[in-house]
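Welcome! Here is a friendly briefing to read alongside the structure, starting with a helix and moving on to aromatic rings.

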Amino acid sequence: MSTPGDRLTPTRAYDLLRRFDALVFMSLLWFMVQYLRFVFPPLFETIQDAYGVSNAEVGVLYSALLFAYAIMQFPSGYLSDRFSERLVITAGALVFGIGSLVVFVSVPFWSLVVGVVLIGFGTGTHKTVAINMLSRLYPSKTGLSVGVMDTVGQAGGALAPATVILVFAVAVDWRAIFLVGFVICLALAYGFNRSVGRDAAETTGADSDDEDASPTRSGRAYLRLFRYYHFSAFVGVSSSFTFSWVGLTSFYPLYLTNTASFSPGTAGALYSLLFVLAISQPVAGSLSDRFDATSVILLTFCLIVVGLGAVLTARTLLAFVVTTAVLGLGFHGFRPVRGAYLMQIIPAEVGGGVLGLVRTVMIVVSATAPTILGYTADVFGLTYAFGILVVVGAVGLLLVLSLKVVPMPPSEALVNTD
């Protein structure tokens with residue numbers, strides 16, 4: 001039975017909100033990061049009509065966003081160590097907000113490219129820095145806080161096609177999406193900076209006074225980890241995952257309308273389903289805690305490869321619903337397990353830099369997916385383009401199987417990086 005002291009009074013509610021304000025704002029910013037990245041694929045046909053460009057050109061446009069996103073992973077982590085996490089996250093939010101404004105006012109195609117690249121640079125500063133910040137602010141709830149942020153972020157991807165459909169339904173210019181995005185990004189950047197700035201600055205300052213807490217590492221210390229098969233192979237697995245995910249999310253709406261002959265509304269609903277299944281992430285993470293993480297990774301990759309293959313053979317709406325669900329479970333299920341596995345094999349003393357390096361490698365690889373698939377679609381058709389995803393996913397599956405076979409070196413060997 002609850003006592004008066006257990007009741008959620010306005011004061012306790014405020015204290016609770018104040019305690020988790022960093023998580024709230026970082027989650028909402030991650031929502032906008034994912035939204036602004038995944039709102040483009042449902043707009044590919046509209047952009048083609050508006051600017052008179054081909055599949056390959058919109059693929060290059062999206063690759064530019066992803067390359068900009070990728071190359072900011074390691075620098076953002078370095079800058080957050082050198083200055084402050086609060087500053088980097090706030091600056092990133094301002095940059096991708098300004099990028100949204102540039103897209104809104106863009107008339108020639110080159111100005112659209114500039115806005116898209118700014119969105120890529122700004123969004124690329126968030127997740128690596130946010131994970132480190134959350135781990136410091138909520139040391140006993142790091143897994144939960146990161147899981148909450150990821151789930152809220154995936155909701156941004158799920159909402160993206162729905163808002164595109166809504167905009168067209170009310171006959172509003174598609175660029176209005178980015179004007180609203182600009183306003184929301186500025187508001188969140190201001191709220192984050194004001195609400196968590198003091199606590200974040202105090203924590204960062206405390207950490208920066210302790211020289212031993214964040215030792216300086218040479219580039220060789222990071223690169224030496226690639227000598228170990230389990231680390232290098234898992235970077236390959238992660239790269240296979242991100243290439244397949246970016247390729248799928250870039251052209252799935254176009255595949256559903258052009259090849260599967262669904263209406264834009266049905267295609268948008270299936271695309272949203274792909275993101276809604278992000279709710280499976282806590283379950284997958286729990287399974288990796290209870291069982292062997294490699295076994296859960298193997299299961300998720302089996303779902304990914306089966307789902308990608310089913311895209312090529314599905315014919316009915318029901319078949320595509322099931323296929324999309326399988327893909328969603330596989331792709332989203334892999335994410336939390338990937339983080340858990342990396343934390344097992346990366347030495348703690350080089351964890352921040354290596355995490356940024358791994359994310360840079362896998363995102364750079366994935367950034368080539370829209371261009372490769374767009375060119376293949378123009379020359380051979382979308383079916384062949386999706387066949388590439390099946391092959392890449394199968395390569396990742398083989399690498400996962402090798403992790404089950406090749407013995408992992410002792411942890412002491414991995415820790416001795418200098």
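Helix α13 covers residues 264–276, and its 13 residues reach 18 Å from the first C-alpha to the last, close to the 18 Å expected at 1.5 Å a residue. This is a predicted model, where local features need pLDDT of at least 70, side-chain atom pairs count only at pLDDT 80 or more, and totals for chains, interfaces and linings use all residues. Residues are numbered from 1 along each chain as its sequence is written, and side-chain values use heavy atoms, with hydrogens and water left out.

**Helices**
- Helices (H or I, at least four residues) are DSSP runs, numbered from the N terminus.
- Helix α19, residues 382–405, reaches 36 Å with its 24 residues, close to the 34 Å expected.
- Among the buried residues of α19 are Phe386, Gly393 and Leu403.

**Aromatic pairs**
- The whole structure holds 19 aromatic pairs, meaning rings of Phe, Tyr and Trp (its six-membered ring) with centres within 6.5 Å; planes under 30 degrees apart count as stacked, over 60 as edge-to-face and the rest as tilted.
- Tyrosine 51 and phenylalanine 109 pair edge-to-face, 5.6 Å centre to centre with 65° between the planes.
- This pair links helix α3 and helix α7, with the two residues 58 residues apart.
- Ring pairs also join a cluster that includes Phe241, Tyr271, Phe275 and Phe334.

Key:
Expected span 1.5 Å × (residues − 1). Buried < 20%, exposed > 50% of the residue type's maximum accessible area, 1.4 Å probe, protein only.
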